[in-house]
Amino acid sequence: MAYESLREWMKELERAGELKRVGAEVSPKLEMAEIADRAAKSGKGTKDAGGPALLFENVAGYPGARVLMNQFGSEKRMQMALDVESLEEIAERIELLLHPVAPAGLMEKLKMLPKLAEIGGFFPKTVSAKDAACKEVVLREAEVDLMKFPVLTTWPEDGGPFITLPCVVTRDPKSGKRNVGMYRMQVYDGKTTGMHWQRQKVAAEHFRDRMRAATESAAGAVDVMALTAGGSVAAVDASSVPQHVLTKIRGERMEVAVAIGTDPALTFSAIVPAPPEVEEYLIAGFLRGKALEVVKCETVDLEVPAHAEIVLEGYVELGELRSEGPFGDHTGFYTMKEDYPVFHVTCITHRKDPIYAATVVGKPPMEDAWMGKAVERIFLPLMRLTLPEIVDVNLPPEGVFHNLMIVSIRKSYAGHARKVMNGIWAMGQAMFTKCIVVVDEDCDVQDVAEVTLRVANNIDPERDIQFTMGPVDSLDHASRLPNYGSKMGIDATRKWAAEGFTRPWPQMLTMPDEVKKKVESICKGLGI
């Protein structure tokens, strides 16, 4: 079913016994995060792994406020959020969308019409303000105050409270397409936050495109990008940039809107590594099987989910950066202070008695582990468009998704594993992958023990490990430079004579099927 709002989703969670209400007084400073962390790590290795979703109804210092956490924190809830029986169903739906069977005759073509009409129904639908629940309360100017909301501080050394589950909406200045991304936002005061869009994210590219446009020439754009490291640092020496260009950049604003507490399909879509030309609103419609309703903002030229709990409207100034962090991150370490753009809030709209949605990230497994596994399943058919030899991928939560990718392939020629590594490093957000392990198609990449056995036995380290340089994730504290460092590929496939391996390659141990069948009843009697 398509959940119209966070509230509909919560009702379904409660009906399914997946939501626990917390009546005890709990502080949004550290205490909620600790409870959510314990829930996320409970039941590890069992069918109850991930614990329940949590609705805090007695928030210390915020009378009447409610906070929802761990809403995606189990396999069952992730399946419920996307309305599937198995996360594999998502990949199957995308495969059908990407590779439709060509109709053979007139009747087959007619049968395709309902499917085409269904796809047309996934595009977002704009509704009027009177039909948008997010407009029940509208606050402008002096009424704008972020401190009214129970924004969480999740770890003791955090630089302050952070909005951790926002859907950040920007518009591509060239194409006009909207992007919805999820970037943490440190709350500085009642009217400003940090905007931690990492360097290679789509919203950051929108920001850079605005900077390039302000320079008025290709040479000027090259100068500004080089001097500011792509808009991420203040220029130490801007003498080569004309003063009128600097003035224009410093006076230029980029409009931004932020939705907090949206329906689960949209919240999830904000983290999907989709191509820039595909709007996340469309992805949400596809996942929901129904168009997402959006509404125009009050003070910026953007559309936001009509039934969001809270909407923040405002802008970032192209020439303004401010120190952001530290922040306890999903790597299990703190991300240290660094300069990021500043979001200025011009208007807040929200539902009556809004529910604040949040998450806590840290040492896995946590809520984001289940979200990441769903992303993995969605990413697989998209990867196969470019690398059809890929059989399966695994992004283990302990590898925090961008540090380790295990890939099985149908190896067809010498050097094939290295071709796949380089293809992955050239593929969107997969460019951040620090370590790629490639195995043969007969290895189950979801069985980490089996993968470990293959890697430990199948490699000659000097021959089979490849290093390369390139962009790395902004959260990588070990790289030699911020956002730039080395990556490693391990070819754990069987080596061929065509690759220079001339020794005999032994067979792996297996028991004949007839023996297995013969002892089956004996084993059942023994309870093994």
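Mentor: A residue counts as buried when its relative accessible area is under 20%. Keep that cut-off in mind. The model here is predicted.

Trainee: Is S74 buried or exposed?

Mentor: Compare its value with the cut-off. S74 has a relative accessible area of 6%, so S74 is buried.

Trainee: Where is S74 found?

Mentor: Look between two elements. S74 lies in the loop that runs from β3 (66-69) to α3 (75-82).

Trainee: Which residues is S74 in contact with, leaving aside its neighbours within four places in sequence?

Mentor: There are E18, A49, G51 and W370.

Trainee: Now α3 itself. How do the axes of α1 and α3 cross?

Mentor: Read a distance and an angle. The axes of α1 (residues 6-15) and α3 come within 11 Å. They cross at roughly 135°. That angle makes α1 oblique to α3. The crossing of α1 past α3 is right-handed.

Trainee: Which residues of the two helices meet?

Mentor: Start with the general idea. An α-helix has 3.6 residues a turn, so residues three or four places apart point the same way. Now the case here. From α1 come W9, E12 and L13. From α3 come R77, M80 and A81.

Trainee: Let's turn to strands. What is the order of the four strands in the open sheet?

Mentor: Follow the sheet from side to side. The order is β1-β2-β3-β18, and the pairing is mixed.

Trainee: Which strands stand at the edges?

Mentor: Count partners. β1 (19-22) and β18 (355-357) each have a single partner strand, so one side of each is left without a neighbour in the sheet. From one strand to the next, the twist averages 25°.

Trainee: In what sense do β1 and β2 pair?

Mentor: β1 and β2 (residues 53-56) pair in the parallel sense, over four bridges. To find your place, take R21, which stands opposite L55 in β2.

Technical notes:
Residues are numbered from 1 along each chain as its sequence is written. This is a predicted model: local features need pLDDT of at least 70, side-chain atom pairs count only at pLDDT 80 or more; totals for chains, interfaces and linings use all residues. Side-chain values use heavy atoms; hydrogens and water are left out. Buried means under 20% relative accessible area, exposed over 50%, partly exposed in between (1.4 Å probe, protein chains only). Contact means heavy atoms within 4.5 Å. Axes are lines fitted to C-alpha atoms, for helices over the stretch in contact, and angles run from 0 to 180 degrees between N-to-C directions. Angles under 35 degrees count as roughly parallel, over 145 as roughly antiparallel, 65 to 115 as roughly perpendicular and the rest as oblique. A crossing is left-handed if the near helix is turned anticlockwise from the far one by less than a right angle, and right-handed if clockwise. Two strands pair if DSSP finds at least two bridges between them.
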